[in-house]
Amino acid sequence: MRAIIIYVLMVVLSVQYAIAQNTFIAQIKDENSGEALIGVSVSINKTSLGAASDTDGLVKISGVPDGKHEVTFRYLGYETLTKQFVFPISETDMPVEIELEPDDEMLEEVVVESTRGTRTFSNIPTRVEFISGCELDEKGSMKPGDIRMLLNESTGIITQQTSATSGNAAIRIQGLDGRYTQILKDGFPVFAGAASGLGLLQTPPLDLKQVEIIKGASSTLYGGGAIAGLVNLISKKPSEKRELSFHINFTTAKGLDISGFYGQKFKKVGATVFAAYNHNGPYDPSEVGFTAIPKFNRFVLRNCLNLIQ
């Protein structure tokens, strides 16, 4: 008899608990357009109940207990809305219509435009280091026969000797091999793929106005040989005032350097003449039968006519 009474009480309590469970149904729309909002997060405060709206903007939450509850609606780009409801809600009042207000400050309109400009790659700003003026004269006095010292003094650049007999060397920029360094003369790649040889570095600096250096990949502008960077040798241009300079240098290592430069502008025509002679005898300071500096003789003659508008 006692077991029957307990069973009846459990059934009554379970029926009352089931009756106390409610279902919350709401349809969520945009306040301005009235369009259904998909994926709105809806949660019953102070409970673990929640759900998200479907493609029709409908959300359904079951198992809401009787009483007064706050329901919060959250959606990206809209103001968070919290409303209070008393459960049970009459079936005639469902679904509850909820309108969310757009948050203009939180999510502003983003417009992405793409246009084709008239600027060429050659006019795009690029970080260029240059050596000119007193520094160029100083390096020319220290090493008048070539530009190796001039380049070695620049950070990130090393001239690496590749031949002990001919004195050939390569320019390494930021550690990359010499074949990846492009050498230009007045902006033109006249040396093509042979830019890594010292024969090209044996350019006396007396007729140079400045040297421009770009470190880093510039292959899109100057070809595949400029993966590591490039060195642009800018020649002196004739001016109305005549320029005549000579340079004579002797070294204790049996070296002799003689060079001269002349430049002048005559109305609409300008002319420059550069001549150099570089000599070095076989130099063996340790007297071991091997030369530290090989014997060489080099002659350079360069003239140029410029038409000036």
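Of the chain's 309 residues, 34% count as buried. The model is predicted. It holds five helices and 17 strands.

**Whole chain**
- The chain exposes about 19800 Å². Carbon and sulfur atoms supply 55% of that area.
- Take the contacts between residues at least 6 apart in sequence: 55% of them join residues at least 24 apart.

**The four-stranded sheet**
- Four strands form an open sheet in the order β3-β2-β5-β6. Their pairing is antiparallel.
- β3 (50-52) and β6 (81-87) are the edge strands. Each of these two pairs on one side only.
- From one strand to the next, the twist averages 20°.

**The β5-β6 pair**
- Strand β5 covers residues 67-74. Seven bridges join β5 to β6, and the two run antiparallel.
- Val 71 has Lys 83, in β6, as its bridge partner.

**Ser 43 in β2**
- Ser 43 lies in strand β2, which spans residues 41-44.
- Leaving aside residues up to four places away in sequence, Ser 43 touches Leu 49, Gly 50, Glu 70, Val 71, Thr 72 and Arg 74.
- One of these contacts, Glu 70, is 27 residues from Ser 43 along the chain. The C-alpha atoms of Ser 43 and Glu 70 are separated by 8.6 Å.

Conventions
Residues numbered from 1 in each chain as written. Predicted model: local features only at pLDDT ≥ 70, side-chain atom pairs only at ≥ 80, totals over all residues. Heavy atoms only, no water. Pairing = 2+ DSSP bridges. Axes fitted to C-alpha atoms, helices over the stretch in contact; angles between N-to-C directions. Contact = heavy atoms within 4.5 Å. Buried < 20%, exposed > 50% of the residue type's maximum accessible area, 1.4 Å probe, protein only. Areas by Shrake-Rupley, 256 points an atom, 1.4 Å probe, with all protein chains shown as cover.
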